[in-house]
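Good morning, everyone, and thank you for making time for this short talk.

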Number of protein chains: 2
Amino acid sequence: MLDRIFKLERYNDLLESHQRFLEFETCGIHYKQVPIINLLLRKGESTQAELARQLHVSRASVAKSIQRLEKDGYVCRTQDDPSKSSRYSKVTLSVSGYERALAVKSVVEKGELAKFEGFSDEELSIYYSFLERINYNLLKCDELCKTK
Amino acid sequence: MLDRIFKLERYNDLLESHQRFLEFETCGIHYKQVPIINLLLRKGESTQAELARQLHVSRASVAKSIQRLEKDGYVCRTQDDPSKSSRYSKVTLSVSGYERALAVKSVVEKGELAKFEGFSDEELSIYYSFLERINYNLLKCDELCKTK
């Protein structure tokens, strides 16, 4: 049974990321930039250094994404202190970026709803309790890894 | 409830890939090269073009991985026809690569077992049936995406 579970988990992951990829393409955004867009939507503004820290990616990779998002009109930068390097400048969504970010968010939410179509509240609760137990097991493994 | 499910799904995914990453590092292999190792373990030998096709990645990316795996002593190449380009040469695991590939495989399997520790057979069946229904929903979305 475990073997079948892993195969189906992998297949579902693949289907999900493929769909997400296509949907983001329709919104005219690269899927790798969605986390930045979502963070800016939540926080209003941020710096490149802060974005890199919160998304657990390198500053170079954030800088590249911001450059692309700026070119595509999603974000704009403001420099409080001109003596500081550009990585300290604030990044914020442009008006059109804000509207498109909301569209991206609604696309994600629609996909998430469709994924669990037909599930009753009770079934969702059971599924959630499984996820909690998997989470417990994974955290236990994590502790073991760290003490090795 | 759906919101909590998505958060926990994402958190579990993150934990799982982080653990896999650390475990592969212990085996001295980059996680990106694991699919190639696994495929060679199953098939015995392959060409770069074949590997690229089966793993749905570019030939350039396979070429880079094979170069690294060859340098690390995991794989060796044989050239049947010297008049042909190197991308037609056969790639196979070396003896030491084969042993290390088995170690990688057992690490993955151990992690998979630990993930479902404490689950009864009946609970695994229920979890599997949830995955089947999610799969059905995702495939339905996929069809919708294609007809758009």
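Let me start with a question: does B:Lys32 count as buried or exposed? Before I answer, please keep in mind that this is a predicted model. B:Lys32 has a relative accessibility of 57%, and because exposed means over 50%, B:Lys32 counts as exposed. If you look for B:Lys32 along chain B, you will find this residue in the loop between helix H1 (2-26) and helix H2 (34-43). B:Lys32 also belongs to a positive surface patch, whose other members include A:Lys32, A:Lys64, A:Arg68 and B:Lys71. The elements that contribute two or more residues to this patch are helix H4 (59-71) of chain A and helix H4 (59-71) of chain B.

Let me now turn to chain A as a whole. Chain A has six helices and three strands, and when we read along the sequence they follow the pattern α-α-β-α-α-β-β-α-α. The radius of gyration of chain A is 19 Å, whereas the globule rule gives 15 Å for 148 residues, so chain A is more spread out than a compact globule. Its C-alpha trace spans about 60 × 45 × 25 Å along the principal axes, and 39% of the 148 residues of chain A count as buried.

My last topic is charge pairing. Side chains of opposite charge can pair when their charged atoms come close. Over all chains, the count comes to 20 salt bridges. In one of them, A:Glu112 pairs with B:Arg10, and the closest N and O atoms are 3.7 Å apart. Since A:Glu112 lies in helix H5 (residues 95-115) of chain A and B:Arg10 in helix H1 of chain B, the pair joins two chains. A:Glu112 counts as buried at 11% relative accessibility, while B:Arg10 is exposed, with a relative accessible area of 52%.

Another salt bridge is formed by the side chains of A:Arg133 and B:Glu123, at 2.9 Å from N to O. Here A:Arg133 lies in helix H6 (residues 121-147) of chain A and B:Glu123 in helix H6 (residues 121-147) of chain B, so this pair, too, joins two chains. Finally, salt bridges that share partners link A:Glu9, B:Glu16, B:Arg20 and B:Lys115 into one network.

Conventions
Residues numbered from 1 in each chain as written. Chains lettered and ligands numbered in written order. Predicted model: local features only at pLDDT ≥ 70, side-chain atom pairs only at ≥ 80, totals over all residues. Heavy atoms only, no water. Patch = residues over 30% accessible without salt bridge, like charges linked within 9 Å, V, L, I, M, F, W, Y side chains within 5 Å. Areas by Shrake-Rupley, 256 points an atom, 1.4 Å probe, with all protein chains shown as cover. Salt bridge = Lys/Arg side-chain N within 4 Å of Asp/Glu carboxyl O. Lys, Arg positive; Asp, Glu negative; His and termini not counted. Charge placed at Lys NZ, Arg CZ, Asp CG, Glu CD. Helix = DSSP H or I, 4+ residues; strand = E, 2+ residues; numbered from the N terminus. Buried < 20%, exposed > 50% of the residue type's maximum accessible area, 1.4 Å probe, protein only. Rg over C-alpha atoms; globule rule 2.2 N^0.38 Å.
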